[in-house]
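Please look through the structure shown here together with its sequence. The report that follows takes up a few residues and elements in turn.

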Amino acid sequence: MTAPPLSGLPDDRMLKTLRAHRQGPVLTVELNVPEQGNAVTDAMLDDLLAVLDDQDPAVRVLVLAGAGQDFCLGGDRGEFAEHLTHDATGGGIRVSGVKARRVCDALTSHPAVTIARVQGKAIGAGLALALACDLRVGADTATFRLPELALGLPTAWGGLLPRLISEAGAASVRELILTGRAFDAQEALGLSILQRVVPEEALDDAVDAWARPVLRRPAPALRVTKTLLNSLTASTRLADASVLDPELMAAVVSELHHTRTIR
């Protein structure tokens, strides 16, 4: 995916963990730490917020992609450990969790149609980022996993759980979380985690095939329709307790750290 560099980012700052480029009304935001599997860090969340908060009305489609072999291997465990070293009560994790929720909400509510372009592995927080997008296409070799429980963590990141239940159904989500097993692109398609599966070399064409008709739609009608769809989807979640995600994550991680320290 080659395109002119994006200009006009907040304060014209250089992004540390992303590569953003614009081609007409299509903005591609690429997670760009491939040597770390595009693991989500506070710096990446800050970069994502900077880009997502800069809502140019001329951008009609926003593509979220990942550089390298994998889309995103989830949260950075090393940074989790650093947060606990600095504050054993989980204060840093709580702050990070609030940022994660803001990023996922910004993807979902962005006025542009958001498309996740997934290759390789999408694990934990990586799956949450993809799921926050309106449309999701994956390579036929892509794999997914929710390993939080095996790591002693709740599935509480960025509002993932209610979105996942809404898209894939409670029974399927329960099994995926409790077992922590990996599942492939075809199963993700069956669960509506993906809406299309193609060979990896056809990912860009699949994104373009979705973007072209979207760009032909009148902007006001598209914006209102997306808002309506988001509102109706949210109303089916009845009791969305994911606003407590940062508190739950901080409390569990802090307790786990305390228990291990005592031992």
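Leaving aside its neighbours within four places in sequence, Cys72 is in contact with Leu31, Gly37, Asn38, Val40, Lys121, Ala122, Ile123 and Gly126. The model discussed here is a predicted one, and within it Cys72 is placed in the loop that runs between strand S3 (61–66) and helix H2 (77–86). With a relative accessible area of 0%, Cys72 is buried. The residue Val40, one of those in contact with Cys72, is 32 residues away from Cys72 along the chain, while the C-alpha atoms of the two are separated by 7.5 Å.

Asn38, which is also among the contacts of Cys72, belongs to the loop between strand S2 (26–31) and helix H1 (42–53). Asn38 has a relative accessible area of 0% and is therefore buried. Its backbone shows a phi near 55°, which is a positive value in a residue other than glycine. A positive phi is also found at Ser192, where the angle is near 65° and the residue is again other than glycine. Ser192 is located in the loop between helix H7 (185–190) and strand S9 (196–198), and at 34% relative accessibility it counts as partly exposed.

The chain as a whole gives a setting for these details. The protein chain contains 10 helices and 9 strands, and of its 263 residues, 49% count as buried. Among the contacts in the protein chain with a separation of 6 or more, 74% are accounted for by residues 24 or more positions apart.

| Residue | Partner | Polar contact between side chains |
|---|---|---|
| Arg19 | Glu30 | 2.4 Å |
| Ser96 | Asp42 | 2.8 Å |
| Arg163 | Asp105 | 3.0 Å |

Arg19 lies in strand S1 (residues 18–23), and at 42% relative accessibility it counts as partly exposed. Not counting residues up to four places away in sequence, Arg19 touches Thr28, Val29, Glu30, Asn32 and Ala67, and with Glu30 the side chain of Arg19 makes the polar contact of 2.4 Å given in the table. Arg19 and Gly66 are separated by 47 residues in sequence, and their C-alpha atoms are 9.4 Å apart in space.

Ser96 is found in helix H3 (residues 91–109) and is buried, its relative accessible area being 10%. When its neighbours within four places in sequence are left aside, Ser96 is in contact with Asp42, Leu45 and His83.

Arg163 is part of helix H5 and is buried, with a relative accessible area of 8%. Its side chain and that of Asp105 are joined by a polar contact of 3.0 Å.

How do the axes of H5 and H6 cross, and within what distance do they come? The axes of helix H5 (residues 160–168) and helix H6 (residues 170–179) come within 7 Å and cross at roughly 125°. Angles from 65 to 115 degrees count as roughly perpendicular and those over 145 as roughly antiparallel, and H5 and H6 are therefore oblique to each other. On the side of H5, the residues that take part are Leu161, Leu164, Ile165 and Ala168, and these meet Ala170, Ser172, Val173 and Ile177 in H6. The residues of this contact divide into 7 nonpolar, 1 polar and no charged.

A last topic is the aromatic rings, of which the structure holds 1 pair. The rings belong to Phe144 and Phe183, and their centres are 5.5 Å apart with the planes at 20°, so the pair is stacked. Phe144 lies in strand S7 (residues 143–145) and Phe183 in strand S8 (residues 183–184), so that the pair links distant parts of the chain, 39 residues apart. Phe144, at 2% relative accessibility, counts as buried, and Phe183 is buried as well, with a relative accessible area of 3%.

Note on methods:
Residues are numbered from 1 along each chain as its sequence is written. This is a predicted model: local features need pLDDT of at least 70, side-chain atom pairs count only at pLDDT 80 or more; totals for chains, interfaces and linings use all residues. Side-chain values use heavy atoms; hydrogens and water are left out. Axes are lines fitted to C-alpha atoms, for helices over the stretch in contact, and angles run from 0 to 180 degrees between N-to-C directions. Helices (H or I, at least four residues) and strands (E, at least two) are DSSP runs, numbered from the N terminus. Angles under 35 degrees count as roughly parallel, over 145 as roughly antiparallel, 65 to 115 as roughly perpendicular and the rest as oblique. Contact means heavy atoms within 4.5 Å. Ala, Val, Leu, Ile, Met, Phe, Trp, Tyr, Cys and Pro count as nonpolar, Asp, Glu, Lys and Arg as charged, and the others, Gly among them, as polar. Rings of Phe, Tyr and Trp (its six-membered ring) pair if their centres lie within 6.5 Å; planes under 30 degrees apart count as stacked, over 60 as edge-to-face and the rest as tilted. Buried means under 20% relative accessible area, exposed over 50%, partly exposed in between (1.4 Å probe, protein chains only). A polar contact is a pair of N or O atoms within 3.5 Å; within protein, one must be able to donate a hydrogen and the other to accept it, and residues adjacent in sequence count only if both atoms are side-chain atoms.
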